[in-house]
Amino acid sequence: MELIESTTCFGGKNAVYRHPSDACGCDMTFGIYLPPQAETSSVPVLWYLSGLTCTHENAMSKAGLQQFAARRGVALVFPDTSPRGEHVADDEAYDLGKGAGFYVNATQKPWASHFRMYDYVVKELFQIICSRFPVTERHGITGHSMGGHGALTLAMLNPRKYQSVSAFAPIANPTASDWGSKQLASYLGDDKKLWADHDASLLLADRGWSKDILVDQGADDQFYALLKPKTLTAAAEAAGVPVTYREAAGYNHSYYFVASFAEDHLNWHADRLMYRSKVFRADQRFDRSGTKRRFER
């Protein structure tokens with residue numbers, strides 16, 4: 001791997017790496033934040049999947065997760081949203097091609113050669129993170145918009161890899177939305193039966209989820225109709241899956257919304273990922289500098 005940049009942040013390290021990807025057949029870039037606790041112990045991981053048009057950099061610089069990850073001793077991983085390069089297929093539309101991988105393995109031309117973001121995130125990058133960095137086997141996953149769709153579907157398809165899942169304004173029912181049906185048809189073909197594994201609402205109905213889910217949604221989200229959050233909550237209720245769904249007045253689809261609820265999501269994951277973790281004893285937390293402090297349950 002090639003280290004592109006590294007900087008200190010809340011006592012830990014923000015770093016960006018480039019590496020050749022077998023899954024995507026091109027060079028891929030990802031960001032990682034290692035909290036100060038990672039200098040002496042392996043730490044659990046929270047994966048953050050970004051939305052349409054984004055790269056690894058958007059959430060790294062805008063979501064504000066690092067300060068809370070430093071307090072709780074959690075690593076953050078920020079994958080890119082698609083393959084990149086001059087030889088990689090693209091489309092003039094913002095919501096297809098580069099920046100719009102939708103976290104699936106494409107089977108249709110011209111996308112199949114490189115658009116294998118499911119294998120990249122779940123298998124290839126997962127293995128890189130686990131083998132190259134001081135992390136435990138405890139992994140959670142979250143994301144925004146298209147990334148929220150990815151977080152929910154990847155977690156439900158891989159419950160042994162991800163111990164917790166949450167989402168910010170996810171595309172919750174893509175098979176019934178213009179944000180999803182267009183992309184799934186392009187990447188996977190016209191057989192809608194093949195789309196079902198990439199729709200969180202359908203997966204909840206078919207497979208369920210043995211743990212709980214946190215979803216935050218802006219009530220004034222300009223893309224609310226495309227996201228279909230109530231379809232997800234209805235599916236969860238029917239499947240008996242506990243979902244904490246919060247709809248916040250005044251918030252739209254921007255990173256101002258994500259940053260406003262980032263601390264809640266980081267703490268929500270940390271509470272679930274610290275189980276069996278060796279990062280903390282039961283009576284320890286860390287302040288912003290990484291210094292241990294006692295707390296009362």
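Start by selecting Asp-216, which sits in strand 8 (residues 213-218); strands here are DSSP runs of E with at least two residues, helices are H or I runs of at least four, and both are numbered from the N terminus. You're looking at a predicted model, where local features need pLDDT of at least 70 and side-chain atom pairs count only at pLDDT 80 or more, while totals for chains, interfaces and linings use all residues. Residues are numbered from 1 along each chain as its sequence is written, and side-chain values use heavy atoms, with hydrogens and water left out.

Is Asp-216 buried or exposed? Its relative accessibility is 1%, so Asp-216 counts as buried (buried is under 20% relative accessible area, exposed over 50%, partly exposed in between, with a 1.4 Å probe and protein chains only). Now show His-265 as well: the two side chains are joined by a polar contact of 2.7 Å. That term means a pair of N or O atoms within 3.5 Å; within protein, one must be able to donate a hydrogen and the other to accept it, and residues adjacent in sequence count only if both atoms are side-chain atoms. Leaving aside residues up to four places away in sequence, Asp-216 also touches Phe-168, Arg-246, Phe-257 and Phe-261, among others (contact means heavy atoms within 4.5 Å).

Stay in strand 8 and hop to Ile-213. Ile-213 is buried too, with a relative accessible area of 2%. Pro-242 is one of the residues Ile-213 touches, and others include Leu-152, Val-165 and Trp-268.

Next, colour helix 9 (residues 255-273) and find Phe-261, where the helix bends by about 50°; that is the angle between axes fitted to the seven residues ending there and the seven starting there. The buried residues of helix 9 include Phe-257, Phe-261, His-265 and Trp-268. At the helix start, look for Ser-254, with a side-chain oxygen within 3.2 Å of the backbone nitrogen of Tyr-256.

Time for the rings. Which residues do ring pairs link into a cluster? Select Tyr-48, Phe-78, Phe-168, Tyr-251, Phe-257 and Phe-261 to see it. Rings of Phe, Tyr and Trp (its six-membered ring) pair if their centres lie within 6.5 Å; planes under 30 degrees apart are stacked, over 60 edge-to-face, and the rest tilted. The structure holds 15 aromatic pairs. One of them is Tyr-17 with Phe-133, edge-to-face at 5.5 Å centre to centre and 70° between the planes. Tyr-17 is in strand 2 (residues 12-21) and Phe-133 in the loop between helix 3 (117-132) and strand 6 (135-143), so this pair ties together parts 116 residues apart in sequence. Both of these residues are buried.

Another to pick is Trp-111 with Tyr-187: ring centres 5.5 Å apart and planes at 85°, so edge-to-face. Tyr-187 lies in helix 5 (residues 178-188) and, at 0% relative accessibility, counts as buried.

Follow Tyr-187 into helix 5, where Trp-179, Gly-180, Gln-183, Leu-184 and Leu-188 are buried along with it. They cover an arc of only 100° around the axis, which puts them on the same side of helix 5 (the arc is that of the directions from the helix axis to the C-beta atoms). These buried residues pack against helix 7 (224-227). Finish at Gly-189, which follows helix 5 and has a positive phi, near 100°.
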